[in-house]
Amino acid sequence: MSKKNAKAILLFVDAIIAAILIVLDQVIKSKVVEVFTADPSEKKFIPGVIYLVYLKNTGAAFSSFQNQKWLLLLISIVFMAVLAFIMIKLPLRKKFIPANVLFSLVIAGGIGNMIDRIKQSYVVDYLGFDFWRSYPIFNFADICVVVGVIGLFILFLFVYKENDLDFLRFKKAKVAEKSENEADEKDSDVHNPDKEEAVSVDKEKEEAE
């Protein structure tokens with residue numbers, strides 16, 4: 001299988017993961033709206049830990065950018081585009097598979113909340129910490145974003161080395177890719193019996209002359 005086909009398959013799997021998370025986010029939000037429309041009172045989910053409440057958030061995290069729908073949509077679209085670009089540029093190596101999954105989480109969470117803003121100009125939030133009442137109400141999409149960002153932060157800061165990130169430096173990445181291709185060709189030539197035989201014949205001709 002060629003590298004391009006393998007990369008396409010990996011990105012397809014990433015898209016499937018993101019799609020599943022987005023659908024799950026929207027299903028949960030729909031159920032929350034249904035339940036709280038019938039009974040708007042606060043509900044215990046995990047007593048002493050998590051409670052449920054229905055909140056229409058017209059802003060972003062920590063209630064910032066309130067009623068700035070189009071600005072938030074623009075920021076979200078640019079952010080998603082940057083993340084998608086980095087995902088496409090990620091080298092096809094086993095060590096980068098966790099990063100692919102984490103990028104999928106962040107993108108899924110961002111799109112999940114973006115869908116809310118497009119549909120109804122606010123995001124449905126419903127989860128709160130019972131032991132930390134001052135913490136902002138959040139949702140499943142927010143969890144995906146936070147887990148993804150923390151995971152990526154750990155990978156890029158503590159796991160990946162500087163040369164692992166050459167793909168983000170365009171010129172160096174091209175040089176590295178060229179060197180890698182040359183190394184592959186050289187390795188292929190060494191293990192090619194037909195080429196070895198041709199070289200041997202040429203040497204015999206030169207000695208005869």
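This is a predicted model: local features need pLDDT of at least 70, side-chain atom pairs count only at pLDDT 80 or more; totals for chains, interfaces and linings use all residues.

A residue is called buried when its relative accessible area is under 20%, exposed when that value is over 50%, and partly exposed in between. Phe 131 has a relative accessible area of 56%, and therefore counts as exposed.

Three strands, in the order E1-E2-E3, make up an open sheet whose pairing is antiparallel. Because E1 and strand E3 (123-129) stand at the edges, each with a single partner strand, one side of each is left without a neighbour in the sheet. From one strand to the next, the twist averages 45 degrees. As a general point, the strands of a sheet pair through backbone hydrogen bonds, and the pairing may be either parallel or antiparallel.

The two pairings can now be followed one by one. E1 and E2 run antiparallel and are joined by 3 bridges, and one place to look is Lys 43, whose bridge partner in E2 is Leu 52. E2 and E3 also run antiparallel, and here 6 bridges join the strands. Along this second pairing, Ile 50 stands opposite Phe 129 in E3, while Leu 55 stands opposite Asp 125 in E3. E3 itself is mostly covered, since 6 of its 7 residues are buried.

Between strand E1 (43-46) and strand E2 (50-57) lies a loop, and Pro 47 has its place there. In this hairpin, which has 3 residues between the strands, Gly 48 takes a positive phi near 85 degrees. Is Pro 47 buried or exposed? With a relative accessible area of 64%, which is over the 50% cut-off, Pro 47 is exposed. Although Pro 47 and Asp 130 are 83 residues apart in sequence, their C-alpha atoms are 7.5 Å apart in space.

We turn next to a helix. Helix H2 (residues 69-89) has 21 residues, and from its first C-alpha to its last it reaches 30 Å, close to the 30 Å expected at 1.5 Å a residue. Which residues of H2 are buried? They are Lys 69, Leu 72, Leu 73, Ser 76, Met 80, Leu 83, Ile 86 and Met 87. Seen down the axis of H2, these buried residues fall within an arc of 155 degrees, and so they line one face of the helix. They pack against helix H1 (3-38) and helix H3 (97-120), whereas the face of H2 turned away from the buried side carries the exposed residues Trp 70, Leu 74 and Ile 88.

Finally, consider the aromatic rings. A search of the whole structure finds 12 aromatic pairs. In one of them, the rings of Phe 129 and Phe 131 have their centres 5.3 Å apart and their planes at 40 degrees, so the pair is tilted. Another pair, formed by Phe 156 and Tyr 160, is edge-to-face, with 5.3 Å from centre to centre and 90 degrees between the planes. Of these two residues, Phe 156 counts as partly exposed because its relative accessibility is 24%, while Tyr 160, with a relative accessible area of 7%, is buried. Both belong to a cluster in which ring pairs link Phe 96, Phe 103, Phe 156, Tyr 160 and Phe 167.

Methods:
Residues are numbered from 1 along each chain as its sequence is written. Side-chain values use heavy atoms; hydrogens and water are left out. Helices (H or I, at least four residues) and strands (E, at least two) are DSSP runs, numbered from the N terminus. Buried means under 20% relative accessible area, exposed over 50%, partly exposed in between (1.4 Å probe, protein chains only). Two strands pair if DSSP finds at least two bridges between them. Axes are lines fitted to C-alpha atoms, for helices over the stretch in contact, and angles run from 0 to 180 degrees between N-to-C directions. The expected span of a helix is 1.5 Å times one less than its number of residues. The arc is that of the directions from the helix axis to the C-beta atoms. Contact means heavy atoms within 4.5 Å. Rings of Phe, Tyr and Trp (its six-membered ring) pair if their centres lie within 6.5 Å; planes under 30 degrees apart count as stacked, over 60 as edge-to-face and the rest as tilted.
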